[in-house]
Amino acid sequence: MLQLEGLKVDLGAFVLRADLSVAPGTRAAVVGPSGAGKSTLLSVVAGFLAPAEGRVLWDGRDLSGQEPGKRPLSIVFQDNNLFPHLSVADNVGLGLSPSLRLSKDDRARVAQSLERVGLHGMERRRPAELSGGQLSRVALARVLLRSRPLMLLDEPFAALGPAMRGEMLELVQDVAAETGATVLMVTHDPRDARRLGGQTILVAEGVARPPVATEALFADPPAVLRDYLGPD
Ligand SMILES: Nc1ncnc2c1ncn2[C@@H]1O[C@H](COP(=O)(O)OP(=O)(O)OP(=O)(O)O)[C@@H](O)[C@H]1O
């Protein structure tokens, strides 16, 4: 379980607070106005930012001071954090070993996870030789391989069209189901939040609110969410 306990992140002109927990295996969309602090929230969970107050706990263990690579999580950003000079297989292999010292067995697992996301035969390509959707698949193959219990996705599919986004969201759900991971996914699209089919953390007015059922939230949105969503 992820717990944000009395958390305060202070970026000078911007302060974000959070006091919430996310039950194991929850798929939670993170929504809210631009500049509200969604990426900041993910950054503090990931360990890129240290909180001024409070703690981030995973299964009751305080993650303070633990560097991002050692935390029990995987991250996917919009640019998919792929290295342009490395092959698809090596980009995925980094999920197992940052120095790319991979055993034969590791290589087989890389191939297996690429096959799982529909990229069989593309192992030797470089990121520049792939489409946007395929790049997202590479990033998800790495997440699958790492099999960490928490997946942080920051607008991962914003550059893709609606149909492809739907496909990718299904893949995220499959990957989360296979690894049992808890998912936090920042999105600007309420349809994506609904498609994720779980809960939503609303970030607005300096606060990340506890997760609530997505359907119920969008059926009767609080004023700040209504303003953000605009007229139907
Ligand atoms: N390194 C920083 N130093 C100071 N302020 C920052 C820093 N990074 C972000 N901010 C500010 O913190 C606030 C929250 O930014 P953040 O990127 O978390 O918002 P967001 O909800 O993810 O926005 P968007 O939806 O536009 O991506 C913004 O007002 C931003 O200007």
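Author: Two residues are in contact if their C-beta atoms, placed from the backbone, lie within 7 Å. The model here is predicted.

Reader: OK. Leaving aside neighbours within four places in sequence, which residues is Glu155 in contact with?

Author: Gln78, Val186, Thr187 and His188, once the neighbours within four places in sequence are left aside.

Reader: And where is Glu155 found?

Author: In the loop between strand S7 (150-154) and H5. Helix H5 covers residues 162-179.

Reader: Why is Glu155 called partly exposed?

Author: Because it has 18 other C-beta atoms within 10 Å. A residue needs 20 or more to be buried, and 12 or fewer to be exposed, so 18 falls in between.

Reader: What about the backbone, is phi of Glu155 positive or negative?

Author: Positive, about 45°, although Glu155 is not a glycine. Most residues other than glycine have a negative phi.

Reader: Which loop does Asp59 lie in, and what is its phi near?

Author: Asp59 lies in the loop between strand S4 (53-58) and strand S5 (61-62). Its phi is near 50°, again a positive value in a residue other than glycine.

Reader: Is Asp59 buried or exposed?

Author: Exposed, because it has 10 C-beta neighbours inside 10 Å.

Reader: New topic. Which residues surround the ligand?

Author: Leu11, Gly12, Phe14, Gly32, Ser34, Gly35, Ala36, Gly37, Lys38, Ser39 and Thr40. By class, that shell has 3 nonpolar, 7 polar and 1 charged residues.

Reader: What follows H1?

Author: Gly47, with a positive phi near 95°.

Reader: Now the core. Which residues touch the most other members of the largest nonpolar core?

Author: Val30 and Leu152, out of the 61 residues in that core. Helix H4 (residues 132-146) gives the largest share of the core, 8 residues. Domain 1 and domain 2 both give residues to the core, so it lies between them.

Reader: Leaving aside neighbours within four places, what is Val30 in contact with?

Author: Lys38, Leu41, Leu184, Met185, Val186, Ile201 and Val203. Two of these names have come up already: Lys38 is among the residues around the ligand, and Val186 is also in contact with Glu155.

Reader: You mentioned domains. What are their bounds?

Author: The domain assignment gives domain 1 as 2-72 + 148-229 and domain 2 as 84-147. Their C-alpha centres lie 25 Å apart.

Reader: How many residues of each domain are in contact with the other?

Author: 12 residues of domain 1 are in contact with 10 residues of domain 2. On the domain 1 side, helix H5 gives the largest share, 6 residues. That side divides into 10 nonpolar, 1 polar and 1 charged.

Key
Residues numbered from 1 in each chain as written. Predicted model: local features only at pLDDT ≥ 70, side-chain atom pairs only at ≥ 80, totals over all residues. Near = placed C-beta within 6 Å. Nonpolar A, V, L, I, M, F, W, Y, C, P; charged D, E, K, R; others polar. Helix = DSSP H or I, 4+ residues; strand = E, 2+ residues; numbered from the N terminus. Domains from an automatic or database assignment. Core = buried A, V, L, I, M, F, W, Y, C linked by C-beta atoms within 7 Å.
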